Amino acid sequence: VYLCMPRAVDRVRRLASMTSPTPHAWIVADMDNTILQKPGRGQRHYPFNESPCFGPTCEWLRLGGRLLVATTDDGRRPFKSLWDAIPEELRKDGRVLMATSDGAALWTGDSTGVAVEDLLYADSQTGLRLPLGKDLDKILDLAVSVYHKLVRDLQDNAGLLKKLPEAMQDGYQKILDRVSSGEVLEEIMNVTTMSTPHQIIPRGTMLWFNQSGPMESWPRVGGDKDPYYGYSPPPNRACTNLFLLCLPSNIAEPYLEILNAVLKPMGLEASSAPNSVCISSSQVHKALAIEYLRSHPAECISGSDSPGSVSKISPGSGASSPTASTTASVLAAEPAQAAALSAAGGGALDPSTTVAFGDNPSGNDGPLTTVGVPFVSVAPPTAEVPEHVRELHVGYEDFGTAAVLERLVEALREGGPAAVVPALPTAVAAARAKLEQSPPERFAPAAAAAS
């Protein structure tokens with residue numbers, strides 16, 4: 001991909017105009033159930049423009065605020081449900097960034113709002129993806145063995161099945177029935193059957209790999225009836241994580257111990273999500289992109305003018321290099337131009353003008369609570385909240401985020417970036433009082449039980 005000089009100069013001027021000695025105000029937010037409701041099994045994928053956070057987020061961006069979404073997910077939902085729902089004019093030129101797969105990749109908007117990967121971020125990190133080849137086979141064999149252990153535990157302990165969510169109980173009961181009728185467990189549950197849609201459970205797969213970026217960019221070697229819906233891990237492109245579905249957090253602890261005994265020496269880690277276990281690099285976490293943006297003020301990512309390509313702008317760089325997954329180009333910058341391209345994502349992240357949100361401070365949102373920025377907990381009313389985040393606890397998931405963000409938008413409008421963090425305690429208290437007095441319908445029963 002080549003940029004003619006007038007267009008390249010125009011880009012430098014446009015990005016330079018975004019640079020200011022005054023730091024931008026940033027919102028850092030987890031995605032699922034923080035700014036966008038996560039669909040339950042069988043439910044449709046809600047687009048961001050149906051979230052209560054959509055309106056205040058758009059107004060935040062119109063006022064010059066920045067948004068960094070940090071999510072464990074990758075592929076379809078972050079890009080289709082979230083990214084594509086944000087108006088193009090608000091997500092372009094680095095105003096919105098998205099760290100997918102717990103920070104294994106960082107994405108931002110080019111001059112037209114197309115999502116492009118920040119290759120400077122990728123180059124600055126090492127070991128953020130899963131291994132390839134025999135080590136990947138070892139991980140899969142380990143995952144299958146853990147499911148076998150679970151099924152044998154279900155055979156030995158009838159009460160364990162009742163601890164599973166109702167939606168999972170029927171699927172595991174069918175496996176138990178097949179084993180009782182004489183089928184061999186290793187033939188029922190193996191890498192092929194567990195990665196093939198509807199082979200064991202009614203919907204989806206029990207094993208799922210995430211690759212980085214929109215699913216349209218993932219290599220596909222099969223169709224909807226093939227393992228991983230045809231998105232089998234390619235031999236030359238490292239995946240970002242592996243999900244073990246139908247392994248909920250309330251029973252996961254002994255299985256996590258088995259997994260991590262093998263994974264940690266490999267530089268990997270298994271962690272629990274509400275209804276699954278995620279295997280990823282032990283170096284990734286949701287605050288990784290914050291650390292990068294805070295410490296790289298002289299770099300700026302902007303996409304090329306060709307949709308689907310990936311570009312990086314690197315001071316002093318003068319070469320182009322393709323990646324294994326997509327066309328890549330490097331816009332060489334002279335020293336004077338490089339100086340103009342300051343501030344990662346359009347403005348270096350300053351903790352004094354940044355607020356983070358998450359619904360799982362006891363779990364994978366934990367790193368956001370200790371990275372040095374104020375953290376607002378929107379964990380549901382029935383959740384246990386760590387002591388160190390209770391002062392800024394609102395609850396009510398995406399409704400809680402929206403209620404606080406509405407008030408921070410007013411602070412940004414009236415006082416600029418420096419007014420946002422000082423306004424936070426009052427915003428949290430007002431939002432909490434409003435939601436406790438009139439809980440959203442989704443939380444009415446839980447709120448009543450909590451009171």
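Modeller: Before we start, contact here means heavy atoms within 4.5 Å. This is a predicted model, where local features need pLDDT of at least 70, side-chain atom pairs count only at pLDDT 80 or more, and totals for chains, interfaces and linings use all residues. Residues are numbered from 1 along each chain as its sequence is written, and side-chain values use heavy atoms, with hydrogens and water left out.

Colleague: Thanks! Of the contacts with a separation of 6 or more, what share is between residues 24 or more positions apart?

Modeller: That share is 65% in this chain.

Colleague: And how many helices and strands are there?

Modeller: The chain has 16 helices and 13 strands.

Colleague: What percentage of the residues is buried?

Modeller: Of the 451 residues, 54% are buried. Buried means under 20% relative accessible area, exposed over 50% and partly exposed in between, with a 1.4 Å probe and protein chains only.

Colleague: Let's talk cysteines. Is Cys58 buried or exposed, and how about Cys278, buried or exposed?

Modeller: Cys58 counts as buried because its relative accessibility is 3%. Cys278 is also at 3%, so that residue counts as buried too.

Colleague: What about Thr354, buried or exposed?

Modeller: Thr354 is buried, at a relative accessible area of 0%. You'll find Thr354 in strand E12, residues 354-358. Beyond neighbours within four places in sequence, Thr354 is in contact with Trp26, Val28, Leu349, Val373, Pro374 and Val421. Ala418 is 64 residues away from Thr354 in sequence, with 9.5 Å between their C-alpha atoms.

Colleague: Now helix H12. Which of its residues are buried?

Modeller: In H12, residues 288-295, the buried ones are Leu288, Ala289, Ile290, Tyr292 and Leu293. They pack against strands E1 (26-30), E2 (66-70), E3 (96-100) and E4 (105-109), plus helix H5 (119-124).

Colleague: Last topic, helix pairs. At what angle do H6 and H11 pack?

Modeller: About 160°, with the axes of H6 (residues 134-156) and H11 (residues 253-263) 10 Å apart. Axes are lines fitted to C-alpha atoms, for helices over the stretch in contact, and angles run from 0 to 180 degrees between N-to-C directions. That angle makes H6 roughly antiparallel to H11; the classes are under 35 degrees for roughly parallel, over 145 for roughly antiparallel, 65 to 115 for roughly perpendicular, and oblique for the rest.

Colleague: Which residues meet there?

Modeller: From H6, Lys138, Ile139, Leu142, Ala143, Val146, Lys149, Leu150 and Asp153 meet Tyr255, Ile258, Leu259, Val262 and Leu263 of H11.

Colleague: And at what angle do H14 and H15 pack?

Modeller: About 135°, and the axes of H14 (residues 397-415) and H15 (residues 424-437) are 9 Å apart. H14 is therefore oblique to H15. In H14, residues including Phe399, Gly400 and Ala403 meet a set in H15 that includes Leu424, Ala427 and Val428.

Definitions and conventions. Helices (H or I, at least four residues) and strands (E, at least two) are DSSP runs, numbered from the N terminus.
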